[in-house]
Amino acid sequence: MTSERQFDALLRSWLEESAPSGQPQGLLESVLTATAHTRPSPAWLAGLRGKPMPKTGRTGLTRFAALALATTALVVALLIGIGLLVRSPNVGPSPVPGPTHRSTPQPSGPLGGGLLLVHEVYDPSNPGPLEVFALDAGTGQQTLLGKLQPGGGSLPSSNRYSFQWGADRKHVLITQNGQGPVTLDNPTAAARDLTFIWAQPPGYDWVLSPQSDRIAGLHDGLIDVPGCALCSAPDSIVIVDVDSGDLRTLPLPPGSLASLNRYPISWSPDGSAVVIGGCRPCNDPYSPGVADITPTEIEHGHLFIVPVDGSPVRELLDVTETMLYSAAWSPDGTTIAFGRYECAADEHAPYCQRGTYSLVTITVANGEETVVADMSGDHPFWSPDGRRITFALDSVFVVDAAGSHLTKVADGWEPTWSPDSQWLLFSPISDAPSARGPWIVPADGGEPRLLGPYGGWGW
């Protein structure tokens, strides 16, 4: 059986071998990162849930769909490279009012109340270990902590590590492409004050608990799809104790599947449970050679609250023909923010093309919902003080938790908050070496400032 992640590696290898010699490295990199920086349709995302498309029998992203997408991206990028096509600019008009405050303070000490973890950019011409630093974003001072081995691919996207720094500012979780955890080679004296989590449990998309004592990840199980003997999708949560290595697998309710999205798990502030979006029942039609798909079920979207002590799973929300994703628990534990995609009246989830996106909050105690933005709430993050939420849709937005003062603050992706809730760290849209991040911007508006170039980072 070839997993989605293995297939992705094969696809990358095929692209590298297929690209004509002499093409700029940045051009090939932009092709391979195109799918990560282009929001797929919900119907395309449905393939990530373990559904084979007709005549393929593949799990997740099908061979046909992936090769078609990759080939198209390669042709377009090569045309760009020889000047037959011209890229449109990344910066366009903001759909919401921009910030009025445009001054950027220059702090003299550790920015945002804590240091960043960063690693150097991968250099294919010198593919040695990647140095890891603690970075004072206010002064630019670097402190070497150790090294990480580069990944198997030759491109920066396959050699980027992600850092999660525990609330205690002592524990560090390092993952690569959702896998891991991994730890540092040749740690320096400065790294001895930190605990780098090391384990090899089955699962992926690992998230560190607020108490820094456990990690949670997704686990795939075989699912019953007619015509596919080895189809799999996330059907359970894995909890691993950091100190002892003890592992607990927490299955979702029978017939449930979790949403497959980068870092989809969110811990409750007290560490007693995790939340994730998913479906039950799930629409899993499959008719070989038949393009007109008839649903097997009317799909129900849920927010699953999974207690880590093995208590019964709570289905916090139940909506039909709607997909829920990117759930995030508020710092006070009372509210969960999530993205919602409602299908059009004549469509069936997850095969929808004409639906509507929204960013929503829901009260954990009574299920009361509030729409805070009428746009995609992709990977929402609460500010540590619980007052605001940031999310990205080609641009970085900030909105009050109550749904007011929606503001675009920058063009970019993957925003994260500083520990003092005053700053945002984000990834650039541009893949140009001169723009490689991270970038930082005041959360209430200001001029973004480049902190890089680094290959990976975390606050």
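## Backbone and ring details

Gly245 sits in the loop that connects β10 (232-241) to β11 (247-251). Helices and strands here are DSSP runs (helices H or I, at least four residues; strands E, at least two), numbered from the N terminus. The model is predicted: local features need pLDDT of at least 70, side-chain atom pairs count only at pLDDT 80 or more, and totals for chains, interfaces and linings use all residues. Residue numbers start from 1 along each chain as its sequence is written, and side-chain values use heavy atoms, with hydrogens and water left out.

Gly245 has a relative accessible area of 43%, so Gly245 is partly exposed. The scale is as follows: buried is under 20% relative accessible area, exposed is over 50%, and partly exposed lies in between (1.4 Å probe, protein chains only). Gln200 is 45 residues from Gly245 along the chain, and the two C-alpha atoms are separated by 9.1 Å.

**Cis peptide bonds.** Arg280 and Pro281 are joined by a cis peptide bond, with omega near -5°. Pro281 belongs to the loop between β14 (273-279) and β15 (300-307). The bond between Ala349 and Pro350 is also cis, with omega about 0°. Pro350 is placed in the loop between β18 (335-342) and β19 (356-363).

**Positive phi.** Asp205 is not a glycine, yet its phi is positive, about 55°. Asp205 is part of strand β8 (residues 204-208). Its relative accessibility is 8%, so Asp205 counts as buried. Ser421, not a glycine either, has a positive phi of about 65°. Ser421 lies in the loop between β25 (413-417) and β26 (423-427). With 1% relative accessibility, Ser421 counts as buried.

**Aromatic rings.** Rings of Phe, Tyr and Trp (its six-membered ring) pair if their centres lie within 6.5 Å; planes under 30 degrees apart are stacked, over 60 edge-to-face, and the rest tilted. The count by this rule is two aromatic pairs. In the pair of Phe391 and Phe397, the ring centres are 5.5 Å apart and the planes are at 20°, so the pair is stacked. Phe391 is buried, at 0% relative accessible area. Phe397 also counts as buried, at 1% relative accessibility.

**Charges over rings.** A charge sits over a ring if NZ of Lys or CZ of Arg is within 6 Å of the ring centre and within 35 degrees of the ring normal.

| Charged residue | Ring | Distance from ring centre |
|---|---|---|
| Arg160 | Trp457 | 4.3 Å |
| Arg169 | Trp165 | 4.0 Å |
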